[in-house]
Amino acid sequence: MTLSDIEIAHKSEKLPIEDVAKEVGIEKSELELYGNYKAKVAVDDLEQAKAKLILVTAITPTPAGEGKTTTSVGLSDGLRKIGKKAISALREPSLGPVFGVKGGAAGGGYAQVVPMEDINLHFTGDFHAIGAANNLLAALIDNHIQQGNKLGIDNRRITWKRVVDMNDRQLRHIVNGLGGKAQGVPREDGFDITVASEVMAILCLANDIHDLKEKIKNGLLSAIHVIMIQSQQVI
């Protein structure tokens, strides 16, 4: 009988994340724990180690889903089998594609990362925080228009979209602000997936929290400035 990915994951014997970290020289004091099997690492506290980097890349996975992650995990397992120290650096899965044809992004079969369902669904909650931050800025723009629109923003030209970490085509193009004067100014809008948001792009380019704040401020101001210029051109 062939076991599914989730069945294999549930039958696996997981090591506490502290033990996994200790094997590669990371102390408990350098970890931010999320339960027994997940943790963040304080990268600034780590010492630079001499190591070889193997980059695994591809265009598309096979129909069976054997792509970059499965290959990377299998490669790490193979290297450890022959006595090498190996760590896989994988991107965090987006929740949306997990429930589509693509499926999860924690590997597959016996070449996967566990706890698989935790990683695929919510992990440490960072994507949700990014989505909330992006939507807060979207609400800020709409609230400015509602409160008198001192900047003269053309609500037909707003490009800063709201986001949700889900594949939901019904939300790609919507009309919001309905329900009367107190509910906002009606306009066409839409949702992107969280990983395609402005805040996600800015986060990936930021060096630290101070740089992140500065880039978000500049990004939002730039977006509003473009809208204002376009509005003036229309007038």
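This briefing describes the overall form of one protein chain and then a few of its local features.

The structure is a predicted model, in which local features need pLDDT of at least 70 and side-chain atom pairs count only at pLDDT 80 or more, while totals for chains, interfaces and linings use all residues. Residues are numbered from 1 along each chain as its sequence is written, and side-chain values use heavy atoms, with hydrogens and water left out. The protein chain has eight helices and eight strands, where helices (H or I, at least four residues) and strands (E, at least two) are DSSP runs numbered from the N terminus. With a radius of gyration of 22 Å, well over the 18 Å that the globule rule gives for 235 residues, the protein chain is more spread out than a compact globule; the radius is taken over C-alpha atoms, and the rule is 2.2 Å times the number of residues to the power 0.38.

**Overall form and surface**

- The C-alpha atoms of the protein chain fill a box of roughly 70 × 45 × 30 Å, taken along the principal axes.
- Buried residues make up 30% of the 235 residues in the protein chain, where buried means under 20% relative accessible area, exposed over 50% and partly exposed in between (1.4 Å probe, protein chains only).
- Among contacts (heavy atoms within 4.5 Å) between residues at least 6 apart in sequence, 55% join residues at least 24 apart.
- The protein chain exposes about 16200 Å², of which carbon and sulfur atoms supply 56%; accessible areas come from the Shrake-Rupley method with a 1.4 Å probe, and for residues only the protein chains shown count as cover.
- There are 27 positive and 29 negative side chains, and the centres of the two sets lie 4 Å apart; Lys and Arg count as positive and Asp and Glu as negative, without His and the chain ends, and the place of a charge is taken as NZ of Lys, CZ of Arg, CG of Asp or CD of Glu.

**Helix α7 and V199**

- In helix α7, which spans residues 198-205, the residues V199, M200 and I202 are buried.
- Seen down the axis of α7, its buried residues fall within an arc of 165 degrees, so they line one face of the helix; the arc is that of the directions from the helix axis to the C-beta atoms.
- The face of α7 turned away from its buried side carries the exposed residues C204 and L205.
- V199 has a relative accessibility of 5%, and, leaving aside neighbours within four places in sequence, V199 is in contact with I130, A133, N134, L137 and W160.
- V199 and N134 are 65 residues apart in sequence, yet 5.7 Å apart in space, C-alpha to C-alpha.

**V56 in a loop**

- V56 lies in the loop between β2 (39-41) and α3 (68-81), and is partly exposed at a relative accessible area of 25%.
- Not counting residues up to four places away in sequence, V56 touches K68, T71, S72 and L75.
- V56 and E27 are 29 residues apart in sequence and 28 Å apart in space, C-alpha to C-alpha.

**Backbone features**

- Most residues other than glycine have a negative phi, and most peptide bonds are trans.
- A cis peptide bond, with omega about 0 degrees, joins V114 and P115, and P115 is placed in the loop between β4 (111-112) and α5 (116-121).
- F123, in the loop between α5 and α6 (126-146), has a positive phi near 50 degrees and is partly exposed at 29% relative accessibility.
- N149, in the loop between α6 and β5 (162-164), has a positive phi of about 55 degrees although it is not a glycine.
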